[in-house]
Every structure is written in structure tokens, then in C-alpha cells.
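Open your viewer and get ready to select a few pieces one after another. We will go from helices to strands and back again.

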Amino acid sequence: MKKTSNKGFSMVELIIVIAIMAILAAALAPSLIKYINKSRLSTDITTGTSIADAASAAMAVEAANDAIGAYENGTSDVNLILAQRASNSYASEFASVLGVNSVKGKSKKDLVGTSLSNSFWISFNPGSNNVTVWYGVTDNDHIVVPNAGSRLSE
């Protein structure tokens, strides 16, 4: 019978391959994390746009538009409006059009690394049918609608 010598890989060769893979993973991890955060911010911008569309559609319903006065003066947390759907006809119409009971953002930091709450904020101007939506913080850098702020998109 013929003997075959099947040695396989030596321990040194395996350690070298594992070391190379660890170096590659360490080099790629920051880029991967950056792309994941951008993806989450993109999802939040899309969600904010859906919120603005639902708010505008709810303002078009006359009975709901009469009840929007409770939210006209100032900025409101979207989840607080959704929680009032049983007692306010605008909130009821808004929740119906949006199709959810609560909204929560995905990203925890903006593009420059500032921590964000996962809340969406909304402000109404029914006279001009304008809606402004923010994500995380209510400043110009974190506006989602009408134009995405500088810290949410590039």
C-alpha cells in the first residue's frame, strides 16, 4: 500500500492568516460603523418625510383641521400627538394616516457624532399648510422636512 503524507497547515501559517484577518477587520470596522450610522440616518429622514406627509394629509381633512389648534403654537413630540388619538380628531386622523401607534428613530448620533434622542418633533402652520419635522433635536441642523439639515445628510 502506498502511504500518503497529508500534513495540512502548520500552526505558524494559521497564526499568520488569523493575524492578517484581524488587521483587515480592524482597518474596516470604522468604515463599516460609519456606513451603518449613515444608513440609520437615511432611514430616519425617510420616516420624518412619512410623518410630514401624514401630517399634511390629516390637515386636509376638515374635521381634523379644526382640531389642530391644540398643536399650532410650538413644537410637539410626534409620539405625544399619537398618544392623543382617542381625544383629538386631528391626532386620530394623523395616527390613521401614519398607520402606527408610535414612532422611534434608529440612529443615536448625527453625522458629527452628537448624541440624539430617538424622538421626532413636529411643528404646524395650518394657514400655509406647512409642516416642519425634526429628528433628535429641534434646531436647523436636525430638520428633516422641508429640507434635511446639515447634520443628518451630506
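Here is a short tour, stop by stop.

This is a predicted model, in which local features need pLDDT of at least 70, side-chain atom pairs count only at pLDDT 80 or more, and totals for chains, interfaces and linings use all residues. Residues are numbered from 1 along each chain as its sequence is written, and side-chain values use heavy atoms, with hydrogens and water left out.

**Stop 1: two helices.** Select residues 11-59, helix H1, and residues 89-98, helix H5. (Helices are DSSP runs of H or I with at least four residues, strands are runs of E with at least two, and both are numbered from the N terminus.) Their axes come within 8 Å and cross at roughly 130°; axes are lines fitted to C-alpha atoms, for helices over the stretch in contact, and angles run from 0 to 180 degrees between N-to-C directions.

Now show the side chains where they touch (contact means heavy atoms within 4.5 Å). On H1, pick Ser 50, Ile 51, Ala 54, Ala 55, Ala 57, Ala 58 and Met 59; on H5, pick Tyr 90, Glu 93, Phe 94, Val 97 and Leu 98.

**Stop 2: the sheet.** Next, find the 4 strands that form an open antiparallel sheet, in the order S1-S2-S3-S4. Strands pair if DSSP finds at least two bridges between them. Select S1 (75-77) and S4 (143-145): each has a single partner strand, so one side of each lacks a neighbour in the sheet. On average, neighbouring strands are turned by 35° against each other, direction ignored.

Stop 3: Select S2 (residues 120-125) and S3 (residues 130-135), joined by 6 bridges. Look for Phe 120, which stands opposite Tyr 135 in S3.

**Last stop.** Bring H1 back: this helix packs on the sheet, touching S2, S3 and S4, and its direction makes about 150° with that of S3.
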